[in-house]
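Please have the view open while I talk.

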Amino acid sequence: APPDGAATHLVLQVSGRTAVPVITLSADSSVSQTGVPWMARIVPRTIEEAEMLFTGIHASHWTAVIPDERAGREAARDLNEAATNSNCSIEKMIEVNRSLTNTTRLCKQILKNHPDAILLWLDPATAGTLAKALRAAGFTGTLAGPGRLRSADFAKTAGDAMEGLMVPGPILEKDAATAFQHFADAFRVRFGHEPDATAAAAYDATTLLIHILRQPGGHPAHEAFPIGFSLAGATGILSFDSQGNRKVNLQLFKAHGGQFIPAELKRTNNGWQP
C-alpha cells in the first residue's frame with residue numbers, strides 16, 4: 001500500500017475481510033490501529049520521525065506545514081503527539097493543497113510568527129516548491145521534513161533551497177548496508193539514476209512480502225503475522241512489533257551539495273568524519 005494514508009485505509013478495509021496481508025509505506029500512526037492483524041508498516045511512523053527532528057534540532061519556535069483534508073488531520077495529530085513527547089510545541093500548523101496557487105501569500109502566513117524551524121510535512125514535489133519559495137522570501141532558519149523528502153522530486157523542485165534540509169533516516173547496520181548497496185547498484189543499472197527513500201522502502205516491502213509467501217509448510221500467508229523474524233533490507237533491519245510497526249533506529253541527515261550526509265558528520269581533509 002502507498003505512502004498515502006487514506007489509500008492504505010481502503011486497502012486495509014478489503015484486507016480485513018479477505019485476510020490478504022498488507023505491507024504499507026504509510027507513516028500515519030492510525031494505519032496500525034485498525035485491528036487488521038496481517039499488516040506491517042515498512043517505514044517509521046510520523047511520530048518517530050518527528051521526535052527525531054524535535055530532539056536533534058535546536059529550535060524554540062516551530063511551524064508545521066501539512067496537507068489539507070484527511071492527510072493533514074493525520075499529520076497534525078501525529079506531529080502534536082511527537083512535540084508533546086519531546087517537551088516542545090508547534091506554535092502554528094498551516095494546511096496547504098498541492099496546487100500552491102499563491103506561494104507569496106503562503107510564505108507571509110508561514111513566516112508571520114518568525115519561526116526558526118519549519119516542518120514541511122508534505123509530498124516531496126510540493127515540499128520542494130515551498131522550500132524554494134521560503135528561501136526566496138528570506139527565511140534563513142532550519143527546514144526539516146520526513147525521510148521521504150530524500151527524493152529526486154524534492155531536489156528538482158527545491159533546487160538550491162535543498163541545502164541544509166534536515167530529515168530522519170534509518171541507521172544502516174552492516175548487513176543492511178550491504179543489502180542497500182546491492183539494491184542501489186541494481187536500481188542504477190535498470191533506471192539510470194539513484195534510488196530515493198520511497199524506492200528503497202517499496203523494494204523492502206516487496207522483499208518482505210515475497211519472503212512471507214515463500215514460507216514453508218503451505219500455510220496461508222496471513223498466519224505469518226505478527227512477524228517474529230528479521231531480515232536485512234535496503235532501509236535497515238526489517239523487524240516489527242506485535243502491531244506491525246517497524247522497529248527502527250533513526251539518525252538525522254542533512255542535505256549538502258546535492259546529497260544527504262549524516263548530520264553528526266563533519267567534512268575534513270579525509271572526507272566526512274564523525
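When I say that two residues are in contact, I mean that they have heavy atoms within 4.5 Å of each other. Please keep in mind that this is a predicted model, in which local features need pLDDT of at least 70 and side-chain atom pairs count only at pLDDT 80 or more, while totals for chains, interfaces and linings use all residues. Residues are numbered from 1 along each chain as its sequence is written, and side-chain values use heavy atoms, with hydrogens and water left out.

Once neighbours within four places in sequence are left aside, lysine 254 is in contact with Gly164, Leu165, Met166, Gln259, Phe260, Ile261 and Ala263. Lysine 254 is partly exposed, with a relative accessible area of 41%, where buried means under 20%, exposed means over 50% and partly exposed means in between, using a 1.4 Å probe and protein chains only.

Alanine 144 sits in strand E6, residues 142-144, and is buried, with a relative accessible area of 1%. Not counting residues up to four places away in sequence, alanine 144 touches Leu53, Ile57, Ile118, Leu119, Leu120, Leu165 and Met166. Alanine 221, by contrast, is 77 residues from alanine 144 in sequence and 38 Å from it in space, C-alpha to C-alpha.

Next, some points about the loops. Which residues join through a cis peptide bond with omega of about -5°? They are phenylalanine 225 and proline 226, and proline 226 is found in the loop between helix H8 (197-213) and strand E8 (231-233). Asparagine 87, in the loop between H3 and E4, has a positive phi of about 60° although it is not a glycine, and asparagine 87 is exposed at a relative accessible area of 74%. Histidine 114, in the loop between H4 and E5, also is not a glycine and has a positive phi of about 55°; histidine 114 is exposed, with a relative accessible area of 64%. Glutamate 264, placed in the loop between strand E11 (259-262) and strand E12 (266-268), is partly exposed at 46% relative accessible area.

Turning to helix packing, two packed helices are described by the angle between their axes and the distance between the axes. Here the axes are lines fitted to C-alpha atoms, for helices over the stretch in contact, and the angles run from 0 to 180 degrees between N-to-C directions. Helix H2 (residues 46-56) and helix H3 (residues 69-85) pack at about 45° with axes 8 Å apart, and are therefore oblique to each other. The axes of H4 and H5 come within 10 Å and cross at roughly 75°, so H4 and H5 are roughly perpendicular to each other. For these words, angles under 35 degrees count as roughly parallel, over 145 as roughly antiparallel, 65 to 115 as roughly perpendicular and the rest as oblique. In the second pair, Thr103, Leu106, Cys107, Ile110 and Leu111 of H4 meet Leu130, Ala133 and Leu134 of H5.

That leads to the cores, a nonpolar core being a set of buried Ala, Val, Leu, Ile, Met, Phe, Trp, Tyr and Cys residues joined through side-chain atoms within 4.5 Å. The largest has 28 residues, of which Ile110, Ile118, Leu120, Leu130 and Leu134 touch the most other members. Strand E4 (90-96), helix H4 (103-111), strand E5 (117-120), helix H5 (124-136), helix H6 (152-158) and strand E10 (250-256) each supply at least two residues of this core, and H5 gives the most, with five residues. Leucine 120, leaving aside neighbours within four places in sequence, has contacts that include Val65, Ala127, Leu130, Leu134, Leu143 and Leu149. A second, separate core has 23 residues, among them Leu12, Met39, Ile42 and Phe229.

Conventions: Helices (H or I, at least four residues) and strands (E, at least two) are DSSP runs, numbered from the N terminus.
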